[in-house]
Amino acid sequence: MLPKYDVIVVGAGHAGCEAANAAARMGSKVLLVTMNMNTIAQMSCNPAMGGVAKGQIVREIDALGGGSGIVSDKSAIQFRMLNRSKGPAMWSPRTQNDRVLFSLEWRYLLEQNPNVDFWQDMCVGIIVQQNKAVGVELAMGTKVYAEVVVLTNGTFLNGLIHLGEKQFGGGRAGEKAAIGLTESLVRLGFDAGRMKTGTPPRVDGRSLDYTKMEVQEGDETPSKFSYSKTRALHKQLPCHITYTNDRTHEMLRTGFDRSPMFNGAIKSSGPRYCPSIEDKISRFADRDRHQIFVEPEGWNTVEIYVNGFSTSLPEEVQYEAMKTIPGFENVKMFRPGYAIEYDYFPPTQLKHSLETKLIDNLFFAGQINGTTGYEEAACQGLIAGINAHHKTNEKDPFILSRSEAYIGVLIDDLITKGTNEPYRMFTSRAEFRILLRQDNADERLTPLGYEIGLADQEALNKVQKKQALTTSLKSILRQTGIGPNDANPLLLRKESAPINQQVKASSLLTRPHISLEDLQEMNAHITASVTQIAKEDPLAVEQAEILLKYEGYIEREQEQVQKLQRLEALSLAEDLDYSQIKSLSIEAKEKLSKIKPATIGQAARVSGVSPSDISVLLVHLGR
């Protein structure tokens, strides 16, 4: 009944949508299989995109030609650039989103592509012939064939929901779990594990007293994620902040004996950096309060997401505890929080392309690989979709290095180090975060996206124009001199050392607390130049300031990248027998045999492999 496809994508969450969108835009005929057509790109947890390091990932997805940035902009209800008080390597864009609109916009985006077909059913198995994935088996008995299969199953694989002492199967509240696929993959020889995540209660915003909370507005001049023609917000909804207290914690403790977190019902690992409220008050017993973010779910709903109150305690305990929080005294609960356990497959079983090592033409992306977060899932989906298309066309894999993108850091971390708890991206995971800023994702990645046929000509033209404008402004600032009479009044005001002779504007810009705005106050020519360039592209102005201000740091990181690239250029054979290399440590032999690193650089990042082991490998390679 169904034709043969180039690519089948199983699961229509954030990873699945990006995979289907990428492969289809590049020219593959794609079938997107989902258990429920009405929950495509559902925001299962908080209605927000981006944040620290995650915002950089969304910008990178957009720069390559993916959809998450566009959809986030079109469904945004608030925009904030986090960490503005820190250096630009830490600036991280974040949107609050309309949950329903986000899902609809992703569906519209996919439906506009004639290369995407949809099918509603549960995938229960992979069809494998001669060690190659050739299709999927669906619950209703249908078999669908394709050149490549991409699995993006989220939290649905044997999903088990915990609410107090109750347990019931499900991939999300109100949706059934996916049964059979894990067992099919294990029979093929894959290792599987279990992980846990959780979600907080949703409440009626009409029942809250916002006068008892702190208001958290969006940016006064909001930006956006996408480099395309999406519009920045002109109207925003506020969020609010409140806090738990001793009474809240006492009430929560009354349910600990019935908590699946503490009574042994949950045996798997949860996200370390997004703990449940009961975990917080247990682990941080000295803290007398915890922050709660009160986040609206959309433009036209009263539903509120209680961020920071993730819990699997009995619903009556959740309700009574919330009533002790300032502003929540008369709260009405729409639905309780819960925890969910699900199957994942340790990602050391993957190549950098996200193709599995065990079965050809089979790719994994998203939470099936042990990650947590929409953004982490989406970027994996994008890379899997690109490489699925490349596989059908016998092209080389598309792989981003650690020095090119946070996406490269994430994938390299997963396949080299593995993870036994839900993996979340942080800026601290990237060695080259001054190079991997959110403001230059287009310059880093749009040329690559264009080269593979995902980013379009308009996107490339825009990047090239921005680069030309940036270069022009940098040149002006390097050539323009500013004398003591013009500079010193402001320098003294800023408690910066005065000058006694004319200096270049670029030199003053490298000083702490001196900004491009300050230079405009000192010099009319700079003011006119900045005004003119900002009319053409305000991002070029920001870029020029960052590149000049942090030039020394940027150059040092680029030198480190060049050193790393020398190690990455030294390939290791996939069939290399490490057990026969006598001087390697026993641990190195075991780890390297399991991971099968592609290069010396990757081998050096394997946990348990020492510098002396790397020296042995270099000698083995004749280096």
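1. Start with I407: setting aside neighbours within four places in sequence, I407 is in contact (heavy atoms within 4.5 Å) with I57, E60, I61, L64, C379, I383 and L400. Keep in mind that this is a predicted model, where local features need pLDDT of at least 70, side-chain atom pairs count only at pLDDT 80 or more, and totals for chains, interfaces and linings use all residues. Numbering runs from 1 along each chain as its sequence is written, and side-chain values use heavy atoms, with hydrogens and water left out.

2. I407 also turns up with L151 and L362 among the residues with the most contacts inside the largest nonpolar core, which has 90 residues. Such a core is a set of buried Ala, Val, Leu, Ile, Met, Phe, Trp, Tyr and Cys residues joined through side-chain atoms within 4.5 Å; buried means under 20% relative accessible area, with a 1.4 Å probe and protein chains only. Helix α9 (residues 374–392) gives this core its largest share, nine residues. Helices here are DSSP runs of H or I, at least four residues, and strands are runs of E, at least two, numbered from the N terminus.

3. There's a second, separate core of 23 residues, including L508, I514, V530 and A544.

4. Overall, the protein chain has 21 helices and 22 strands. Its radius of gyration (over C-alpha atoms) is 26 Å, close to the 25 Å from the globule rule (2.2 Å times the number of residues to the power 0.38) for 623 residues, so the chain is as compact as a globular protein of that length.

5. Of the 623 residues, 57% are buried.

Methods. Buried means under 20% relative accessible area, exposed over 50%, partly exposed in between (1.4 Å probe, protein chains only).
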